2 protein chains.
Amino acid sequence: MSYVELDHGTGGLLSRQLVENVIAPAFGDRYLGAMEDSAVLSLPGTQIAMTTDSFVVDPLFFEGGDIGKLAVCGTVNDIAVSGAKPLYLTVGLILEEGLPVADLVRAMTSMAEAAREAGVYIVAGDTKVVHRGAADKIFINTAGVGWLAPDALSLTNRRIRAGDSVVITSSIGAHSIHLLSLREGLGYENRVTSDCAPLNHLISDIHDQFGERLHAARDLTRGGLGTALTELADDIGLGIDVDLDSVPIQSEVIMAADMLGVDPIYLANEGSCLLFCDPDVSKAVVTKLRELTYGGQAAEIGVVVDRRDKSVFARSVNGDRLIEPLVGAQLPRLC
Amino acid sequence: MSYVELDHGTGGLLSRQLVENVIAPAFGDRYLGAMEDSAVLSLPGTQIAMTTDSFVVDPLFFEGGDIGKLAVCGTVNDIAVSGAKPLYLTVGLILEEGLPVADLVRAMTSMAEAAREAGVYIVAGDTKVVHRGAADKIFINTAGVGWLAPDALSLTNRRIRAGDSVVITSSIGAHSIHLLSLREGLGYENRVTSDCAPLNHLISDIHDQFGERLHAARDLTRGGLGTALTELADDIGLGIDVDLDSVPIQSEVIMAADMLGVDPIYLANEGSCLLFCDPDVSKAVVTKLRELTYGGQAAEIGVVVDRRDKSVFARSVNGDRLIEPLVGAQLPRLC
């Protein structure tokens, strides 16, 4: 079996062989399914967080990740920012006829590695094959369930208040710049790699240590830091002041963004998130983050302010400015 | 807003407007989301069933259903056949640039209606837009979580034993024949309509009444009755004897299948399932099913037998035969 054929998606013997001989073995110890219609699972409690995300990235494979790693990390991070512990993922595959099976195995193996690092299991899957030209190679949907401890304060925008410190866990823009550079041959693809990472352990370490003084978390994916801040300000009905000069960013990302004429604060990230916490612990949060995998670039970058126009105001030695919501894309879709 | 544009998938203001002004309103009271990254939800217990399915049907709209209704019913039914009560669904949309927004609204409205009938909620969603030609109009993934009561015996193939009666809840082949006829203009599309239906209430009514005497359920989707029986026999390590003449089927389905040269037992269904139960209650199960919505055609069609070659043997006045697993498709992909 070298290429995916339409018959792999028909529910017959070939469908079953693709799952049993290719997909399930690639998932290895991360695969919990019993090949029945649903997986029956136990949870440690009765409060769950649930989310879904689809991944359509081009190219499928890049430095720092691939569509499989993205599909695990994206959903794990969406669950983790609600304060829940990610446990179970489902995987929905839409494959284009003619896809090399080796590409499928590579993406699934990468999903398994990311799932192992994050401590989550793949519990159910579905595979559809569409005619050549009716999809672009591989689309992956992951949905996830996480568990909220009964006494845990969930992380939610509703707990953000004026005076909260805004902490970022890692530098911004690298994922977008790497993929753009790879697609367009801009020359930055070897100097800037994707930041794709599962952030659940980092978030739970901070949550465990700082408890209720950690109020909310928000991952910075499509639309980047700028979109996250403007959406948050709108949701909480408060303003946010940002010190742009303290936002961590690789110098090559600044150069590439300059060259492309785009603003790095709107670039997509796959391994960075914002944390909102009591101001009296913000320095300790940053210190702790810097000890953690994926937190080495952490910095305090702003404060929530009691300003009812819900504006996001950025100060910088290069000039102050309002950060506005992006209407559409400033760049081709990346993730 | 008349057509879906790439900018609707970039995570900016237009993405948010599509969700807030088009998708969420179409879901109406079935929508539980708080627009954060994950939905935080309560369950009545700690045992869950979890599943996923992607839907790529062509055409999007047909008699008896559409891609939206299919996406809800398919996942609801996969959860229900495990004996769980479906509660929460996530929706992952992949939209092709240029899709009429009216088609999106129609499919989402249909999802909401099916969710209302099934008693489930849409709790999280994700929307991606890909370039024209990189997907076929709309792909929908639904993942679902259902609850298993602590004292409930889950329905599972492991509880099937030799002597069990095999009951089918509805007639077979209508979904496939309707879609094929619609696509190819065969003339049957007005006489045979899709059987797409949520079966969770039907299954739970039987489960409630017959308790542990109901052992397993299996919905008959891709690959149809033939694939379900051969896979089940293989899984449980026993044979199955089927009385083909007792399998309910519309005469127009037989005529259309004859014309197409295909075997109706492999045709896809979206509103029919198999139940495995103690033989002493099989007649009562059929009687009860016939009182229920979607159970009017129910019939006892076979028995599980202690035959270690795991064969499925079909008897009929037209001749006896072995039912073999289909290798690939006998027809173009339908669901």
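Begin by selecting the residues where the two chains meet: 100% of the interface residues of chain B are also interface residues in chain A, so the copies meet through the same surface. The model is predicted, with local features requiring pLDDT of at least 70 and side-chain atom pairs pLDDT 80 or more, while totals for chains, interfaces and linings use all residues. Residues are numbered from 1 along each chain as its sequence is written, chains are lettered from A in the order in which they are written, and side-chain values use heavy atoms, without hydrogens and water.

Display both sides of the contact (heavy atoms within 4.5 Å): chain B contributes 76 residues and chain A 76 residues. The buried area, the accessible area (1.4 Å probe) that two parts lose on being put together, summed over both, is about 6000 Å², and carbon and sulfur atoms give 53% of this. Within chain B, next select B:Asp37, B:Met50 and B:Arg222, which lose the most area to chain A, together 12% of what that side buries.

Salt bridges (a side-chain nitrogen of Lys or Arg within 4 Å of a carboxyl oxygen of Asp or Glu) number 8 between chain B and chain A. Select A:Arg16 and B:Glu231 to see a salt bridge whose closest N and O atoms are 4.0 Å apart.
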